[in-house]
Amino acid sequence: MPVLMFNLALIWLALLLLATILLVIRARATMVRLLAADVLTLILVAVLVMFAQREGAAYYLDAALILALLSFIGVIAAGRYYRSGRPF
Amino acid sequence: MWRDILSGALIVVGLLIISLSVYGMLMMPDIYTSIHAASKAAILGLMPFLLAAMLTGNPAMITRALLIAVFLILTTPISAHIIGQAAYLTHEPMETEGAINESGQELSAASAAAKAGD
């Protein structure tokens, strides 16, 4: 029963990922695109948490933590580059 | 048994909030309004997933989920602030109906067109 639940949640999260990828592609402003990429990373973190619970393995959460960290650094660098022409 | 039911309920709540966040990002007309949907609602929707991971009782999973939760709560407002600041300083136009701009900066579509024409 729990495996079926996790699979259904993963299917729904995959649909949300698809919608967010479409948003990244079709956004009008650059900053909306960056914001959508940030949300994309958050949904990927949720997918990895679902995998960790389904397999009962904690190492998926390491990948989720590194993904969140890299997304933070990337958004900061891209935003500051867009604002002033240089990242720092 | 109660753990399965509780984690299932938490996962449903998280999916609902994340879906609302993506729907908000699809519907909001400009950057200043979609920041609300993207930063606050997405983090709020991720927290039930991490709580469900903590409910498994595995100590390795509990510590990692706690670490992810604390890190995301600390960093998401900062990245949303950076994105909003970049949009504001590069004169991103406000496109919401009846938007009131109380800052000193011109943020209407006409001023953006004038700036692009320079």
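Predicted model: local features only at pLDDT ≥ 70, side-chain atom pairs only at ≥ 80, totals over all residues.
On H1(A), the residues that make the contact include Phe6(A), Leu10(A), Leu13(A), Leu17(A) and Val24(A). On H2(A), they include Ala36(A), Leu40(A), Ile43(A), Val47(A) and Met50(A). H2(A) also contributes Arg33(A) and Arg54(A). By class, the contact of H1(A) with H2(A) has 18 nonpolar, two polar and two charged residues.

Chain A also touches chain B. Here 41 residues of chain B are in contact with 38 residues of chain A. Three helices of chain B each supply at least two residues of the side that touches chain A: H1 (2-27), H2 (31-54) and H3 (59-89). The largest share, 16 residues, comes from H3(B). This side of chain B divides into 27 nonpolar, 11 polar and three charged residues.

H3(B) also packs against a helix of chain A, namely H3(A), residues 59-84. The axes of H3(A) and H3(B) come within 9 Å and cross at roughly 15°. Angles under 35 degrees count as roughly parallel, so H3(A) and H3(B) are roughly parallel to each other. The crossing of H3(A) and H3(B) is left-handed. Their contact has 19 nonpolar, four polar and four charged residues.

Conventions
Residues numbered from 1 in each chain as written. Chains lettered and ligands numbered in written order. Contact = placed C-beta atoms within 7 Å. Helix = DSSP H or I, 4+ residues; strand = E, 2+ residues; numbered from the N terminus. Nonpolar A, V, L, I, M, F, W, Y, C, P; charged D, E, K, R; others polar. Axes fitted to C-alpha atoms, helices over the stretch in contact; angles between N-to-C directions. Parallel < 35°, antiparallel > 145°, perpendicular 65-115°, else oblique. Left-handed = near helix turned anticlockwise from the far one by under 90°.
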